[in-house]
Amino acid sequence: MSLVLARIDQRLIHGIVVTQWAGATQAKRLMVVDDEVSKDEVQKSAMRMSKPVGTGMSIIDTETAIKNFNAGKYDSHNVFMIVREPSTLVKLAEGGVKIPKVNIGIIFDGEGKTTVKKMVSVNEKEVNDLKKLQSMGIPVTFHFVPSEAEEPLETYIK
């Protein structure tokens with residue numbers, strides 16, 4: 001099956017991901033793709049402690065993810081990917097990773113950002129990256145928890 005869903009969630013591995021999304025996607029592997037976190041052993045250890053029993057976990061950088069997906073390493077897995085930034089998904093897609101859908105969960109507020117929905121604030125680059133993913137044929141939706149309805153990107157970002 002390989003990659004079943006990619007989620008943008010700046011909290012990465014946390015309660016909603018572990019208790020709701022892992023089951024909803026039937027993930028056999030949770031994958032965090034982040035160039036900074038992949039080098040931080042403390043953060044990696046904390047995330048690994050929260051993974052559901054029987055589920056694999058990878059915390060890797062963007063280039064490793066591209067190399068591993070293209071080599072077919074995850075072809076027999078149901079992978080649920082979590083990233084902090086839309087730009088990571090653009091790099092993955094441009095690198096040949098087949099992303100079936102992007103789910104926008106949580107993007108924190110900050111300088112130069114506009115809040116478009118509860119728990120989602122974006123700057124111009126993030127908006128452009130989300131639109132680029134969609135222009136590549138990848139559906140992009142807002143979907144905080146599996147029990148809520150998905151909303152298309154255009155609902156909040158024109």
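**Briefing: fold, cores and selected residues**

With 158 residues, a compact globule would have a radius of gyration near 15 Å, and this protein agrees, at 15 Å. That radius is taken over C-alpha atoms, and the globule rule is 2.2 Å times the number of residues to the power 0.38. The model is predicted: local features need pLDDT of at least 70, side-chain atom pairs count only at pLDDT 80 or more, and totals for chains, interfaces and linings use all residues. Residues are numbered from 1 along each chain as its sequence is written, and side-chain values use heavy atoms, with hydrogens and water left out.

**Overall form**

- Along the principal axes, the C-alpha atoms fill a box of roughly 40 × 30 × 30 Å.
- The protein exposes about 7,700 Å², and carbon and sulfur atoms supply 52% of that. Areas come from the Shrake-Rupley method with a 1.4 Å probe; for residues, only the protein chains shown count as cover.
- Of the 158 residues, 50% count as buried. Buried means under 20% relative accessible area, exposed over 50%, and partly exposed in between (1.4 Å probe, protein chains only).
- Take the contacts between residues at least 6 apart in sequence: 70% join residues at least 24 apart. A contact means heavy atoms within 4.5 Å.

**Sheet and helices**

- The protein has five helices and nine strands. These are DSSP runs numbered from the N terminus: helices are H or I, at least four residues, and strands are E, at least two.
- Along the sequence the pattern reads β-α-β-α-β-α-β-α-β-β-β-α-β-β.
- Seven strands form an open sheet with mixed pairing, in the order β3-β2-β4-β1-β5-β8-β9. β3 (56–60) and β9 (151–152) are the edges; each has a single partner strand, so one side of each lacks a neighbour in the sheet. Strands pair if DSSP finds at least two bridges between them.
- β8 (residues 140–142) and β9 run antiparallel, joined by two bridges. Thr-141 stands opposite Pro-152 in β9.
- Helix α5 (residues 124–135) packs on the sheet and touches β1, β5 (102–106) and β8; its direction makes about 130° with that of β8.
- Helix α3 (residues 62–70) lies across β1 (2–9), β2 (29–33), β3 and β4 (78–83), at about 125° to β3. Axes are lines fitted to C-alpha atoms, for helices over the stretch in contact; angles run from 0 to 180 degrees between N-to-C directions.

**Nonpolar cores**

- The largest core has 32 residues. Phe-69, Met-81, Leu-89, Leu-92, Ile-99 and Ile-104 have the most contacts inside it. A core is a set of buried Ala, Val, Leu, Ile, Met, Phe, Trp, Tyr and Cys residues joined through side-chain atoms within 4.5 Å.
- Helix α4 (residues 86–94) gives this core its largest share, four residues.
- Another core, of 18 residues, lies apart from it; Leu-12, Val-17, Leu-30 and Val-37 are among its members.

**Residues to look at**

- Leu-92 contacts Val-33, Thr-62, Ala-65, Ile-66, Met-81, Val-97 and Ile-99, leaving aside neighbours within four places in sequence.
- Ala-65 sits in helix α3. It is buried, at 0% relative accessibility.
- Leu-12 lies in the loop between β1 and α1 (15–24). It is not a glycine, yet its phi is positive, about 60°. At 4% relative accessibility, Leu-12 is buried.
- Gln-26 lies in the loop between α1 and β2. Its phi is also positive, near 55°. At 59% relative accessibility, Gln-26 is exposed.
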